[in-house]
Amino acid sequence: MELKKQILTNNACYKANQKIKVKGIMVHSTGANNPWLKRYVGPDDGYLGVNTYGNHWNTYTPGGRQICCHAFIGKLKDGSIATYQTLPWDHRGWHAGGAANNTHIGFEICEDGLTDKTYFNKVYKEAVELCVYLCKLYGLTADNIICHSEGYKKGIATNHGDVMHWFPKHGKSMDTFRAEVKKALEGNSKTETTTTKPTTTTTTTTTSKTTTFKEKDKVEFKASATKYNPSSSTIPDWVKEDYYHVVTQTKSNGKAVKKGGKTCVLLGEKVNKKTGKTEDGINTWVAIENLTLVGKTTTTTTTTPAYTTYTVKENDTLWDIAKAKLGSGLRYTEIVKLNNLKNDTIYEGQKLKIPN
Ligand SMILES: [Zn+2]
């Protein structure tokens, strides 16, 4: 779905400003051969194109136009299909001519000559997606969706034939429509659980500390070490193949042991690097600058936030944002959840968390 928003604020219905508790959705089609959205939605936002007749439903006329639905599906000026939201979803629309106005969101699919199957399939799919979106938004099911002619049979709308004068021409009906919405809703709830667990990266660093060692610390020789300490003999390579336990760093009087000006530690028992077994020791004073502490690790846990932040721009819809940031408009519910939104109303400048 390509959901855009252009609220028809000059329309008398908008100005009446009544709210409803949404209990269902009513599907309409316009009953006129004009698939262009600009016929109904205006002014031109760059996508719609200019309505040269100046007769879209947002034109100012005394008292405003006395009819309005919540959305239109039709063609943009480039011929692609889009949905325009034209009233806040919980605004009382004037689309049914009956009690359905008090309970139902109503949207119009712009009719063409009714014979173009390609156009039909596109707007039908768009309408299914719009209904999926709205069902999720208001906790509705596919059974809460009717078309205008079904509304008439229930006594809650005027006597119009839409959309059952059109859908069957292309092998569809309100039953196939509801079935497709139902299927999409079920499919969605399955993938929806792949949301937002913070990603935790654990980095383990071996601390290398050369200033001081404690008794029983396990150390190894640095590869660069050549002599045990400045005043002793050269370190044979095999010595570097094992770990050693520190015996002490001080003399019996508690003072540090220095040899050739370097602080030393006394190394005792040897630990085989491969087997981990303790063997006999070397009992040698070694300059601590030659040694690295091993076996003690510091674990740093970095928690990366499970979201990024997005600032809402004018005319953004949750659907647009989900489509742009998450790859699918249907994932807008993840944004709703993450931000604890009560409905789909967002405002310019609002900071939204977007799942990673
Ligand atoms: Zn209708």
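A charge sits over a ring if NZ of Lys or CZ of Arg is within 6 Å of the ring centre and within 35 degrees of the ring normal. Start the tour with that rule.

**Before you click**

This is a predicted model, in which local features need pLDDT of at least 70 and side-chain atom pairs count only at pLDDT 80 or more, while totals for chains, interfaces and linings use all residues. Residues are numbered from 1 along each chain as its sequence is written, and side-chain values use heavy atoms, with hydrogens and water left out.

**Stop 1: charges over rings**

Select Lys4 and Tyr47. Lys4 lies over the face of Tyr47, 3.8 Å from the ring centre. Now select Lys75 and Trp36. The charged end of Lys75 sits over the Trp36 ring, at 5.2 Å from its centre.

**Stop 2: aromatic pairs**

Rings of Phe, Tyr and Trp (its six-membered ring) pair if their centres lie within 6.5 Å; planes under 30 degrees apart count as stacked, over 60 as edge-to-face and the rest as tilted. The whole structure has 16 aromatic pairs.

Select Tyr40 and Phe72. Their ring centres are 5.0 Å apart and their planes stand at 10 degrees, so the pair is stacked. Tyr40 is in the loop between strand S2 (24–29) and strand S3 (71–75), and Phe72 is in strand S3, so the pair ties together parts that are 32 residues apart in sequence. Strands (E, at least two residues) and helices (H or I, at least four) are DSSP runs, numbered from the N terminus.

Tyr40 and Phe72 are buried. Buried means under 20% relative accessible area, exposed over 50%, partly exposed in between (1.4 Å probe, protein chains only).

Trp57 and Phe72 form an edge-to-face pair, with 5.2 Å between centres and 80 degrees between the planes. Trp57 lies in the loop between S2 and S3, 15 residues from Phe72 in strand S3. Trp57 is buried at 7% relative accessible area, and Phe72 is buried at 0%.

Next, select Phe120, Tyr124, Trp166, Phe167 and Phe177. Ring pairs link these residues into a cluster.

**Stop 3: salt bridges**

A salt bridge is a side-chain nitrogen of Lys or Arg within 4 Å of a carboxyl oxygen of Asp or Glu. The structure holds 12 of these salt bridges.

Go to Glu129 and Lys125. Their side chains meet in a salt bridge at 3.2 Å, N to O. Both residues are in helix H2 (residues 117–138), four residues apart, which means they are separated by about one helical turn. Glu129 is buried at 16% relative accessible area, whereas Lys125 is exposed at 54%.

Move to Arg178 and Glu150. They form a salt bridge, with the closest N and O atoms 2.8 Å apart. Arg178 lies in helix H4 (residues 174–191) and Glu150 in helix H3 (residues 148–153), so the pair ties together parts that are 28 residues apart in sequence. Arg178 counts as buried at 14% relative accessibility, and Glu150 counts as buried at 18%.

Now select Lys270 and Asp242. Their side chains meet in a salt bridge at 4.0 Å, N to O. Lys270 lies in strand S11 (residues 262–272) and Asp242 in strand S9 (residues 242–248), so the pair ties together parts that are 28 residues apart in sequence. Lys270 is buried at 12% relative accessibility, and Asp242 is buried at 8%.

**Last stop**

Select Glu2, Lys4 and Lys323. Salt bridges that share partners join Glu2, Lys4 and Lys323 into one network.
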